[in-house]
Amino acid sequence: MNQTQRPLEVACPECSKKVVWSEKNPDRPFCSERCRLLDLGAWADGNRRIAGEPAMDETEIDEMIMRAERGLQDSE
Ligand SMILES: [Zn+2]
């Protein structure tokens, strides 16, 4: 029954490095705190769509662009 002693390894979602899944690694499934924070940062930057968050309406974007263009014209 040596199989139970084999450490479980997972790939870090950030850098794909092999990580030993153990209670001693508080950053699992990430290899390090750095990768864990990088992944959180990617979410915060909006690089990844957060489930349940409504996407911006296209008409809203058009209005924003129109307002921005008007603002630029006014300042000239
Ligand atoms: Zn990593």
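Student: Between which two elements is the loop that holds Ser32?
Tutor: Helices here are DSSP runs of H or I with at least four residues, strands are DSSP runs of E with at least two, and both are numbered from the N terminus. By that assignment, the loop that holds Ser32 runs between strand 2 and helix 1.

Student: Is Ser32 buried, partly exposed or exposed?
Tutor: This is a predicted model, in which local features need pLDDT of at least 70 and side-chain atom pairs count only at pLDDT 80 or more, while totals for chains, interfaces and linings use all residues. Residues are numbered from 1 along each chain as its sequence is written. A residue is buried if 20 or more other C-beta atoms, placed from the backbone, lie within 10 Å of its own, exposed if 12 or fewer, and partly exposed in between. Ser32 has 15 C-beta neighbours inside 10 Å, so Ser32 counts as partly exposed.

Student: How far apart are the C-alpha atoms of Ser32 and Cys12?
Tutor: Along the chain, Ser32 and Cys12 are 20 residues apart.

Student: Which residues carry the "binding site" feature in UniProt, and what is the largest C-alpha distance among them?
Tutor: The UniProt record, an unreviewed entry, places this feature at Cys12, Cys15, Cys31 and Cys35. They are spread over 24 residues of sequence yet cluster in space, with a largest C-alpha distance of 8.2 Å. UniProt positions are given in the numbering used here with shortened feature names, and annotations may be inferred rather than shown by experiment. So the residues come from the record, Cys12, Cys15, Cys31 and Cys35, and the largest C-alpha distance is 8.2 Å.

Student: Why is Cys31 classed as buried, and which residues does Cys31 contact?
Tutor: Cys31 sits in the loop between strand 2 and helix 1. Cys31 is buried because 21 other C-beta atoms lie within 10 Å. Two residues are in contact if their C-beta atoms, placed from the backbone, lie within 7 Å. Leaving aside neighbours within four places in sequence, the contacts of Cys31 are Cys12, Cys15, Lys17 and Val19.

Student: What about Cys15: where does it lie, and which residues does it touch?
Tutor: Cys15 belongs to the loop between strand 1 (9–11) and strand 2 (18–20). Cys15 counts as partly exposed because it has 14 C-beta neighbours inside 10 Å. Not counting residues up to four places away in sequence, Cys15 touches Cys31 and Cys35.

Student: Which residue has a positive phi although it is not a glycine?
Tutor: Look at the loop between strand 1 and strand 2, where Ser16 is found. Ser16 has 10 C-beta neighbours inside 10 Å and therefore counts as exposed. The residue with a positive phi, of about 65°, is Ser16.

Student: Which peptide bond is cis, with omega near 5°?
Tutor: Turn to the loop between strand 2 and helix 1, where Pro29 is found. The cis bond is the one from Arg28 to Pro29.

Student: Where does Ser22 lie, and what separates its C-alpha atom from that of Leu8?
Tutor: Ser22 is in the loop between strand 2 and helix 1. With 11 C-beta neighbours inside 10 Å, Ser22 counts as exposed. Ser22 and Leu8 are 14 residues apart along the chain, and their C-alpha atoms are separated by 7.7 Å.

Student: How many residues of helix 1 are buried?
Tutor: Helix 1 has twelve residues and reaches 16 Å from its first C-alpha to its last, close to the 16 Å expected at 1.5 Å a residue, where the expected span is 1.5 Å times one less than the number of residues. Leu37 lies in this helix (residues 33–44) and is partly exposed, with 14 other C-beta atoms within 10 Å. Helix 1 is hardly covered, and its count of buried residues is zero.

Student: Which element has the lowest mean pLDDT?
Tutor: The chain reads β-β-α-α along the sequence. pLDDT is the predictor's confidence in each residue, from 0 to 100, and the chain averages 80. Strand 1 has the highest mean among the elements, 93, while the lowest, 80, belongs to helix 2 (residues 58–75).
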